[in-house]
Amino acid sequence: MRRPDALVAALALLPLGLLLAPACRARDIPYGEVGDPAVRRCDALNWSPQHAAAADCYRALAQREAGGGDGVRLAEAAEGTWALGDLVHANALFRAAAAARPRDATLQARWGELYVDSHQPQQALDLFHEALARDAHDAYARLDAASVLDDQFAVQAQAQLRAAMADPAAPAGARLRGLLLSAGAALEEGDADSARSLLDQAQAIATSARLPQLEVDALRAALAQLEGEDDASWIERALQEDPAFGEAYALPAHIEDIRWRARDAIALYRQAIAIEPTLWSARVQLGDCLLRQGELAEGRAMLESAYRGDPYDPVTVNLLRLSDSLQHFAVRSYDRASDGGPALVLHISNAEVQVLAPYVRRLAQRALSTYAQRYRFQPRTAVQIEVYPHQDDLAVRTAGLPGLEGELGVTFGYVVAIDSPASRPIGDFDWGDTLWHEMAHVFTLESTDFHVPRWLTEGLSVFEEWRTGPGAGVQIPAYVLAAFAQRRELPVARLNAGFVHPQYPEQVVVSYMQAGLICDYIDRAFGFDRLRALLQAFARTSDVSAAMQMALGLSATQFDARFAADLQQQYGRVLAQMDRWLALRTEAERAATQHDWSAAQAAATQALALQAQDVGEDSPYLPLAQAYVAQNAPARALATLSDYAQRGGHDPQALRTLATGLYAAGRSAEAIRVLDGINDIAPFDEALHGQLGDWLLQAGRAAEALAEYRVALALNPPDRATAHLRLARAQYALHDWPAARREVIASLEVAPNFRPAQQLLLQLAAAPKSTY
Amino acid sequence: MAAATALGGHLSPCGTPAAPVLRRAALALLLVAALAAMPRAQAAERVLIIEGLGGEPLYARQFDTQARAVAAASRALDGNDAVRMLAGNEATRAHILAQFRRLAAQMERRDELVVYLIGHGSFDGREYKFNVPGPDLSDADLKGALQGLPAERQLVIVTGSASGALLPTLGAAHRVLLTATRNGEESNATRFGAALAAALQSPEADTDKDGRISAQEAFTYARRTVQDEYRREGLLASEHAVLQGDAAGDFALASLVPSAAAHIPGQQLRRRAALNARIKALEARKHSLTPAAYQQQLQDLLLQLARLQQQIDPPAAPQPAAGGAAHAPP
């Protein structure tokens with residue numbers, strides 16, 4: 001048995017919060033949803049300083065199960081059991097209660113909320129729909145559904161929310177909950193005006209209906225942070241009502257996290273768990289934030305503590321598994337560059353590191369140098385780049401859950417994570433463009449201390465891809481142009497919403513492109529200095545119009561008008577003939593597939609006349625070049641592919657064909673440049689590296705050839721004799737005779753009768769002994 | 001991307017200048033091929049190629065192209081008389097079994113047989129069937145036909161769907177099996193046949209640079225090609241090729257160069273064979289030697305072999321040793 005003095009000492013080591021903390025599981029405030037007076041009594045105690053009494057109260061509720069099949073008593077027991085943290089038994093009690101009271105919509109909704117608490121949103125949604133089937137006016141159930149759908153980025157979330165709020169019969173508590181949901185969304189979008197208005201309404205309802213104001217205060221704290229004001233008074237207000245209300249910190253922390261201000265979020269989450277150690281969701285978020293900051297050991301420890309308290313959260317489990325897999329990554333560190341650029345640390349899976357590290361390093365260092373000059377900012381610490389061989393690992397790194405197929409990369413300050421080129425089919429994405437995009441975020445986020453709004457940091461990253469990236473050239477997918485033709489772009493002041501709460505499936509990509517075009521327009525019309533000034537303006541204000549005024553001398557509305565005019569000037573022809581353009585693209589592809597070359601040429605030519613920059617998926621340049629080849633016009637085919645490549649076309653097969661043609665035409669330097677460019681798209685191709693190495697060696701660039709040959713060998717080619725011989729030849733050209741000898745013997749060990757290797761061995765043997 | 005693939009051969013009518021490695025490899029292969037040809041001079045190799053039904057024009061064309069490529073490679077290696085191809089109406093079950101009976105009468109124990117089955121297969125959980133005009137050829141038919149042959153060294157290559165179902169049925173100590181799939185459940189149309197046919201013409205498949213493509217080399221090349229295709233296209237692989245048996249390296253399937261052994265004096269051929277045997281023996285003892293000792297002994301043998309080959313080679317115009325620039329060691 002522990003000695004009393006030891007127990008006292010152990011207690012002394014515990015944070016004060018743990019001593020004050022409720023004995024119950026963290027519980028969402030029902031805002032009047034549960035009408036049962038017994039449950040309400042316990043809840044009133046729960047969100048007050050009387051936590052011990054609340055626990056006793058819930059325990060008494062839980063014991064009502066003994067009363068038998070009375071649906072009301074079973075529901076009370078379910079609430080008590082849930083509050084005490086036994087989710088499994090609470091589920092059984094809700095099931096029994098629902099069987100006894102099959103028409104009770106509130107019971108169904110509460111049961112669904114239990115499923116939300118146990119991280120099973122789909123089952124929860126089913127129960128909310130069942131509740132609405134019993135009572136179409138159950139505003140709580142409708143808000144529950146909206147909340148789950150919003151977490152899933154489903155476009156139906158807004159419709160559910162609007163329907164709940166529009167119901168004049170909705171109780172005050174439901175309207176308060178809806179306003180809080182809307183205010184949270186506005187804060188996530190960085191829309192301070194809307195958030196303030198919604199919170200004013202929420203506070204008025206809470207006051208008049210005598211409902212808890214804890215969450216109103218917590219969101220007011222988040223609003224204060226958004227506007228650069230002191231949040232302490234709002235947090236203090238919440239804590240006066242309930243000193244152990246961890247959400248007073250965790251809600252503002254979440255908004256900071258959404259705004260990519262992980263360091264501030266970490267500080268807030270730490271305070272949240274200090275006063276409410278059983279707030280497992282805050283521990284998960286804190287662990288995630290720490291991992292994003294590269295604090296792997298502490299992040300993992302935090303996640304492990306969260307798992308012990310809430311083993312049902314898939315985010316915790318996924319992040320812990322990801323943390324396990326990171327331990328099998330190779331780490332390559334490169335010192336600070338001679339130009340003062342930051343150190344670079346690469347985390348790449350052991351299976352891919354030898355192939356990817358040279359190209360990731362090359363491109364990352366070029367990005368650091370380019371952006372430092374353009375944004376006049378030097379990163380203050382090493383930049384860490386993680387390359388994930390599986391899409392789902394990146395999704396877990398980003399959101400804690402697999403399945404984010406559209407996610408290619410993510411930046412958490414000085415930590416960048418991208419998909420490996422091997423994680424997706426060739427042609428699906430360019431890892432080089434993705435890394436270039438993410439590296440721009442490092443500069444736009446860090447140089448503004450994360451005050452840049454989402455639309456601008458994304459817009460600048462897209463713009464940099466187009467302007468300075470490895471596949472430079474404006475690329476706008478056809479469906480985005482179609483959205484512009486339907487005037488679906490957003491006013492710049494509301495553009496954040498297109499990223500955070502999309503209203504239609506393509507809106508996120510449309511918003512990316514619009515943001516990129518806005519930056520492109522500012523650069524052309526005002527100059528890059530003004531674009532940079534706009535970025536810096538957001539370090540002083542979160543108001544888009546004020547920032548526009550500071551940097552460009554225009555209000556947001558004035559800017560929208562100018563941008564719309566520029567969009568028309570740049571793309572007016574294609575936007576006005578959208579259907580015809582789409583039909584011409586389709587026709588070019590169809591005709592080429594059927595070898596109808598004159599039709600393919602005609603359609604592709606007309607499509608490109610409407611949109612010459614069309615070098616993305618299904619680009620008409622490709623059937624056009626194919627048609628020229630079929631019509632025995634190789635020079636025109638070559639010119640077509642050259643145009644395609646110069647505009648940023650990046651189909652690896654087309655680029656390879658172009659490189660081969662250029663080489664055959666004696667334009668070896670261009671050929672090498674084009675072939676080398678494929679390394680930024682699809683580097684897992686041993687033939688590419690062999691070919692590029694051969695061309696480089698013939699051009700007298702033996703050191704670069706050697707690097708390519710090393711990558712080719714790292715890809716474990718079946719023809720290892722040739723791979724080693726190529727390395728030997730490059731070493732020979734570099735006058736490194738011992739290395740050349742090692743490689744030629746390695747070649748002959750595989751294939752002793754390989755005549756070219758034998759010849760090189762004899763040449764090396766003829767050298768004086770001292771060198772051989 | 002079909003457009004760009006079709007462009008490949010047209011943009012460079014003169015062809016890309018061959019890399020120095022490959023340019024000189026052709027000359028070397030011409031001579032080295034003689035080596036591998038010698039030991040089997042007295043044993044006859046027979047090749048039977050069976051082309052099954054395509055069902056659709058696309059598959060029919062593919063199977064025909066593959067069968068013809070295999071036949072051309074086999075004839076270049078073993079001569080016209082050694083190769084028999086059954087296709088179309090000749091590829092009925094009755095014709096096929098009759099051909100096996102004829103082979104049984106012609107072959108001797110020391111001979112070797114290579115059988116290709118190029119076409120669709122199916123497996124219903126109990127029985128494998130290779131699709132031919134009329135009644136299909138069953139796994140039992142094949143087992144009986146192969147058992148009736150005196151040839152002790154047999155290689156059976158089945159390139160189609162569900163071919164892995166044959167592994168348990170046809171497996172035998174003296175028989176090597178190459179199948180496109182790992183079991184009978186992998187029943188989609190396969191890519192393995194096209195990749196295997198390509199291997200028989202590819203210098204890259206010849207990993208030991210002896211001028212011949214062995215069954216082992218062809219399998220390794222084809223399997224990798226198929227894996228790369230599925231990976232590139234982001235598809236879940238619906239076929240997993242299997243090689244069963246220990247002696248796949250002993251079966252030659254194609255020669256990349258015509259045989260030149262007749263022009264090399266017998267003494268030099270014997271010396272070269274002896275040096276190759278010593279290198280193999282040294283490799284077998286690699287783990288019992290220190291790395292330095294192994295490297296030194298290997299280098300000595302390789303130098304002897306290279307010098308001998310230099311004596312055998314016809315004089316050639318001097319060429320730079322590496323890349324585009326000749327560098328004399330200092």
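In what order do the 5 strands of the open sheet in chain A stand? The order is β1-β2-β3-β5-β4, and the pairing is mixed.

The model is a predicted one, in which local features need pLDDT of at least 70, side-chain atom pairs count only at pLDDT 80 or more, and totals for chains, interfaces and linings use all residues. Residues are numbered from 1 along each chain as its sequence is written, while chains are lettered from A and ligands numbered from 1 in the order in which they are written.

**Chain A overall**

The secondary structure of chain A comprises 40 helices and 5 strands; helices (H or I, at least four residues) and strands (E, at least two) are DSSP runs numbered from the N terminus. The C-alpha trace of chain A spans about 95 × 70 × 50 Å along its principal axes. Of its 772 residues, 54% are buried. A residue is termed buried if 20 or more other C-beta atoms lie within 10 Å of its own, exposed if 12 or fewer, and partly exposed in between, with C-beta atoms placed from the backbone. Among contacts in chain A between residues at least 6 apart in sequence, 57% join residues at least 24 apart; a contact requires C-beta atoms, placed from the backbone, to lie within 7 Å.

The mean pLDDT of chain A (the predictor's confidence in each residue, from 0 to 100) is 90, and 95% of its residues reach 70 or more. Residues 1–21 of chain A have pLDDT under 50, and the model has 17 contacts for them beyond four places in sequence. Where pLDDT is low, the predicted coordinates should not be read in detail.

**The sheet of chain A**

In the sheet β1-β2-β3-β5-β4 of chain A, the edge positions belong to β1 (329–334) and β4 (409–412), each with a single partner strand, so one side of each is left without a neighbour in the sheet. From one strand to the next the twist averages 15°. Two strands count as paired if DSSP finds at least two bridges between them. β4(A) pairs with strand β5 (residues 415–419) of chain A in the antiparallel sense over 4 bridges, and Val410(A) stands opposite Ala417(A) in β5(A). Helix α20 (residues 353–375) of chain A packs on the sheet and touches β1, β2 (344–349) and β3 (383–388) of chain A; the direction of α20 makes about 150° with that of β2(A). Such angles run from 0 to 180 degrees between N-to-C directions, with axes fitted to C-alpha atoms, for helices over the stretch in contact.

The table lists the spans of two helices; the expected span is 1.5 Å times one less than the number of residues.

| Helix | Residues | Number of residues | First to last C-alpha | Expected span |
|---|---|---|---|---|
| α18(A) | 296–309 | 14 residues | 20 Å | 20 Å |
| α23(A) | 454–468 | 15 residues | 21 Å | 21 Å |

In α18(A), the buried residues are Gly299(A), Arg300(A), Met302(A), Leu303(A) and Ala306(A). Seen down the axis of α18(A), these buried residues fall within an arc of 160°, so they line one face of the helix; the arc is that of the directions from the helix axis to the C-beta atoms. Ala297(A) and Arg308(A), on the other side of α18(A), are exposed. The cover over the buried residues of α18(A) includes α17 (280–292) and α19 (314–326) of chain A. As for α23(A), 13 of its 15 residues are buried, so this helix is largely enclosed by the rest of the structure.

Trp260(A) lies in the loop between α15 (247–258) and α16 (262–275) of chain A. Trp260(A) is buried because 20 other C-beta atoms lie within 10 Å. Leaving aside neighbours within four places in sequence, Trp260(A) is in contact with Leu445(A) and Phe450(A).

**Chain B**

Chain B has 10 helices and 11 strands, and 41% of its 330 residues count as buried. Here, 72% of the contacts between residues at least 6 apart in sequence join residues at least 24 apart.

An open sheet of 6 strands in chain B has the order β2-β1-β3-β7-β8-β10, with mixed pairing. Its edge strands are β2 (83–86) and β10 (242–244), each of which pairs on one side only. The twist averages 10° from one strand to the next. Strand β7 (residues 153–158) of chain B is mostly covered, with 5 of its 6 residues buried. β7(B) pairs in the parallel sense with strand β3 (residues 112–118) of chain B over 6 bridges, and with strand β8 (residues 175–179) of chain B over 5 bridges. Leu117(B) has Val158(B) as its bridge partner in β7(B), and Val156(B) stands opposite Leu177(B) in β8(B).

Note on methods:
Contact = placed C-beta atoms within 7 Å.
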